[in-house]
Amino acid sequence: MKPISFPKVGFHQFWIQLNWTFWAIGIFLVVHVIRYFFKNNADSFYSAGYIAGNIYMLVIGIIAISFLSYYVGNGITRKNYFLGNMLAAVGLSIIIPILFYLINLVEQFIITRFTNIELEENPFKIIEIDTDGHIIGDIVQSIIITPFVSVESSFFLSLGLFALNIFMFYIIGWLIGAAFYRLGVILGIIVIIIGAALFIIKDTMIRLTLDIPIFDNFVALEKIPQGLALPVVCLVFFIIMLLIYLLIKRAPIKI
């Protein structure tokens, strides 16, 4: 029997998660529209998607480990599961910002012509000013409020940054799911802490590259030369992917 290649696994995984994504975006859209009944100004759907998309990708990243048993049980190698799921994650990370942008265009058309509602161009600036220097607050805000560039100011940079952020959330979720699956609860919690640290490093390096304000407790990372910021981001992604692969390489198959 000819082994199933990782592109086929990736397409299968992508198609399943894309269907989840359509449902999730539908729910986001309903919640977003309901907000207009209570406010005269609101974030655009694209801006709101920066946070909603991150959370969504984190969740389906955690769920992704549940496919390991299914694929291995059907004769697919762990390597092809890993590569296929990574391919699906990249595809989702590209298509989700585009979907949010297209819906955002329709939203702007309707709101500017038929309502008095004002859309906020960059709601994240206001939040960033409110940082108070507490370490827990900085960690939480660094994870929730990822670096943002409005699509009006730089189209490709905005979509690229959106894609990078949600891809990071996906593989962090996948890493956490794999850690709990392979190592159990205690070590899984430790991996959550490691994942948060890697996330903060990546977030700070992106801020350093784009000259976006850095949270007070992470200013020590400003000592890294700006020219090395993007290589450090790539290194962080590589470390996360390597950890995921090592975790699933010898993970027992739970039926």
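**Entry 1. Aromatic rings**

I began with the ring pairs, which link Phe-28, Phe-45, Tyr-46, Tyr-50, Tyr-56, Phe-100, Tyr-101, Phe-148, Phe-155, Phe-156 and Phe-162 into a cluster. For a pair, I required the ring centres of Phe, Tyr or Trp (its six-membered ring) to lie within 6.5 Å; planes under 30 degrees apart count as stacked, over 60 as edge-to-face and the rest as tilted. The model is predicted, and I therefore note that local features need pLDDT of at least 70 and that side-chain atom pairs count only at pLDDT 80 or more, whereas totals for chains, interfaces and linings use all residues. Residues are numbered from 1 along each chain as its sequence is written, and side-chain values use heavy atoms, with hydrogens and water left out.

A search of the whole structure returned 21 aromatic pairs. I looked up the pair of Phe-28 and Tyr-56, which is edge-to-face, with 6.4 Å from centre to centre and 85 degrees between the planes. Phe-28 belongs to helix α1 (residues 6-35) and Tyr-56 to helix α2 (residues 45-63), so this pair ties together parts 28 residues apart in sequence. Helices (H or I, at least four residues) and strands (E, at least two) are DSSP runs, numbered from the N terminus.

I then checked the accessibility of both rings. Phe-28 is partly exposed at a relative accessible area of 23%, while Tyr-56 counts as buried at 11%. Here buried means under 20% relative accessible area, exposed over 50%, and partly exposed in between (1.4 Å probe, protein chains only).

The pair of Tyr-71 and Tyr-81 is tilted, at 6.1 Å centre to centre and 40 degrees between the planes. Tyr-71 lies in helix α3 (residues 67-73) and Tyr-81 in helix α4 (residues 78-114), so the pair ties together parts 10 residues apart in sequence. I found both Tyr-71 and Tyr-81 buried.

I also looked for charges over rings. Lys-202 lies over the face of Phe-199, 5.0 Å from the ring centre; the criterion is NZ of Lys or CZ of Arg within 6 Å of the ring centre and within 35 degrees of the ring normal.

**Entry 2. Overall form and confidence**

I counted nine helices and two strands in the protein. From the N terminus on, the elements run α-β-α-α-α-β-α-α-α-α-α. The radius of gyration is 19 Å, close to the 18 Å that the globule rule gives for 255 residues, so the protein is as compact as a globular protein of that length. This radius is taken over C-alpha atoms, and the rule is 2.2 Å times the number of residues to the power 0.38.

Along the principal axes, the C-alpha atoms fill a box of roughly 60 × 45 × 30 Å. Of the 255 residues, 44% count as buried.

The average pLDDT (the predictor's confidence in each residue, from 0 to 100) is 86, and 90% of the residues score at least 70.

**Entry 3. Recorded spans**

UniProt, in an unreviewed entry, lists "transmembrane region" for residues 20-38, 50-70, 82-103, 155-176, 183-201 and 228-248. UniProt positions are in the numbering used here, feature names are shortened, and annotations may be inferred rather than shown by experiment.

I examined two of these spans. Residues 50-70 are 86% helix and 0% strand, with the end C-alpha atoms 31 Å apart. Residues 183-201 are 95% helix and 0% strand, with the end C-alpha atoms 24 Å apart.

**Entry 4. Individual residues**

Asp-211 lies in the loop between α8 (185-210) and α9 (226-249). Its phi is near 60 degrees, a positive value in a residue other than glycine, and Asp-211 is exposed at a relative accessible area of 65%.

In helix α4, I looked up Ile-111, which counts as buried at 5% relative accessibility. The C-alpha atoms of Ile-111 and Ala-197, 86 residues apart along the chain, are separated by 40 Å. Phe-114 is also found in helix α4 and counts as exposed at 63% relative accessibility.
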